[in-house]
Amino acid sequence: MSEVDAQKCFDVALDLVKQAGKVVREAIKKKKNIETKSSAVDLVTESDKAVEKMLISGLSEAFPDHQFIGEESVSAGEKCVLTDQPTWIIDPIDGTMNFVHSFPYTCISVGLWVKKEALVGVVYNPVLEQMFTAIKGQGAFLNGEKISVSGETDLGQALVFSEIGTSLDPEKVNTVLTNITTLMPKVHGIRAMGSCTLNMCHVAMGGVDVCFEFGIHAWDLAAGYLVVTEAGGVVVDTEGGPFDIMRRRVLCASSQELAEKISKLLKQYQPERDGVTK
Ligand code: IPD
């Protein structure tokens with residue numbers, strides 16, 4: 001495998017994400033054509049599809065030998081396979097439900113993973129003009145300014161992002177509600193905002209101390225993972241073990257201590273794994 005030029009990959013991705021941002025910024029004001037996917041609350045619009053097409057076409061033109069995992073391509077039947085090859089993992093609109101309702105907590109998420117490790121992450125909320133970026137080893141940035149996690153370790157002082165998700169499976173719903181009930185009296189506050197990627201970026205910028213979720217996919221995590229780890233955050237499995245991008249579980253915290261305290265309290269849920277890792 002030839003050496004990957006992280007800076008070039010970042011520059012190309014940044015440019016394409018900015019272009020995609022224009023599409024999302026215009027489309028969020030308009031009426032959307034909505035279809036459902038895995039459940040009545042798992043939505044896709046023509047904008048999700050158009051943005052993914054635009055990103056994959058631009059990236060594959062610049063990097064013809066790179067691989068792709070895209071949310072809408074996988075929904076349309078493509079395999080979700082992560083190999084050692086440079087792989088762009090794309091969520092064209094994370095927070096589609098929010099986008100559909102014109103609620104401005106939504107973003108474009110593009111992560112490049114090489115040898116199963118994150119190298120580049122670009123996350124853009126074009127409505128609120130928040131561009132989160134990271135290149136491995138170079139820190140994390142919001143609109144060009146360096147960001148870092150809060151470093152909070154005290155559970156009683158922690159603001160926590162839980163998430164509702166898109167599965168209506170009774171066991172999953174019970175897990176979500178049980179965890180909120182358990183955490184509510186122990187933490188400072190709980191929120192559920194509707195974008196896993198932005199949740200991770202808000203941990204990265206120190207605005208939130210923890211986020212966790214069961215049932216998300218590789219594309220909800222790939223870019224946010226790098227932004228938050230480069231900002232000094234901790235990303236682990238919800239049980240506290242090593243993070244596995246295909247396992248569909250994430251716990252992200254401002255400190256190792258806080259991650260451990262939360263993981264011990266969580267009721268666990270294991271969705272079917274995402275695709276294959278080769
Ligand atoms: C969704 C968001 C949401 C999470 C869901 C995801 P999408 O992504 O990240 O916060 O709760 O599990 O599916 O479908 O809007 O790209």
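Begin by selecting Ser102, which lies in the loop between α4 (96-100) and β6. The model on display is a predicted one. Although Ser102 is not a glycine, its phi is positive, at about 60°. Its relative accessibility is 39%, so Ser102 counts as partly exposed, a class that runs between the 20% and 50% limits.

A second residue with a positive phi may be selected next. Asn143 sits in the loop between β9 and β10. The phi of Asn143 is near 50°, again in a residue other than glycine. Asn143 counts as partly exposed because its relative accessibility is 46%.

**The two domains**

Now colour the chain by domain. The protein is divided into domain 1, residues 6-147, and domain 2, residues 155-265. The C-alpha centres of the two domains are 20 Å apart. The contact takes 43 residues from domain 1 and 28 residues from domain 2.

**The largest nonpolar core**

Which residues have the most contacts inside the largest nonpolar core? Select Ile89, Met200, Val227 and Ile245. The core to which these residues belong has 40 residues. Two or more of its residues come from each of β6 (107-114), β7 (117-125), β8 (130-135), β9 (140-142), α6 (196-204), α7 (218-230) and β15 (249-253). Helix α7 gives the largest share, eight residues. Since domain 1 (6-147) and domain 2 (155-265) both give residues to this core, it lies between them.

Keep Met200 selected and display its surroundings. Leaving out residues up to four places away in sequence, Met200 touches Cys211, Asp220, Leu221, Gly224, Tyr225, Val228, Val235, Val250 and Cys252. Another core lies apart from the largest one; it has 33 residues, among them Ala13, Leu16, Ala20 and Phe68.

**Trp219 in helix α7**

Move to Trp219, which lies in helix α7. Is this residue buried or exposed? Trp219 is buried, because its relative accessible area is 4%, and the limit for that class is under 20%. Next, select Ile89 together with Trp219: the two are 130 residues apart along the chain, yet their C-alpha atoms are separated by 5.4 Å. Ile89 is one of the residues that Trp219 touches when those up to four places away in sequence are not counted.

**The ligand**

At Gly95, a polar backbone atom is 2.7 Å from an oxygen atom of the ligand. At Ser195, a backbone N or O atom lies 3.1 Å from an oxygen atom of the ligand. At Gly165, the corresponding distance from a backbone N or O atom to a ligand oxygen is 3.4 Å. How much of the ligand does the protein bury? Taken alone, the ligand exposes 370 Å², and the protein buries 94% of that area.

**Leu155**

Proceed to Leu155, in the loop between β10 (145-147) and β11 (159-161). Leu155 counts as buried because its relative accessibility is 14%. Apart from neighbours within four places in sequence, Leu155 is in contact with Lys186, Val187, His188, Leu258, Lys261, Ile262 and Leu265.

**Ser255**

The last stop is Ser255, in the loop between β15 and α8 (256-265). With 10% relative accessibility, Ser255 counts as buried. Draw the distance from its side chain to the backbone nitrogen of Leu258, which Ser255 reaches at 3.1 Å. Leu258 is also one of the residues in contact with Leu155. Finally, show the residues around Ser255: leaving aside neighbours within four places in sequence, Ser255 is in contact with Gly151, Glu152, Thr153 and Val234.

Definitions and conventions:
Residues numbered from 1 in each chain as written. Predicted model: local features only at pLDDT ≥ 70, side-chain atom pairs only at ≥ 80, totals over all residues. Heavy atoms only, no water. Core = buried A, V, L, I, M, F, W, Y, C linked by side-chain atoms within 4.5 Å. Buried < 20%, exposed > 50% of the residue type's maximum accessible area, 1.4 Å probe, protein only. Helix = DSSP H or I, 4+ residues; strand = E, 2+ residues; numbered from the N terminus. Domains from an automatic or database assignment. Contact = heavy atoms within 4.5 Å. Polar contact = N/O pair within 3.5 Å; in protein donor to acceptor, adjacent residues only side chain to side chain. Areas by Shrake-Rupley, 256 points an atom, 1.4 Å probe, with all protein chains shown as cover.
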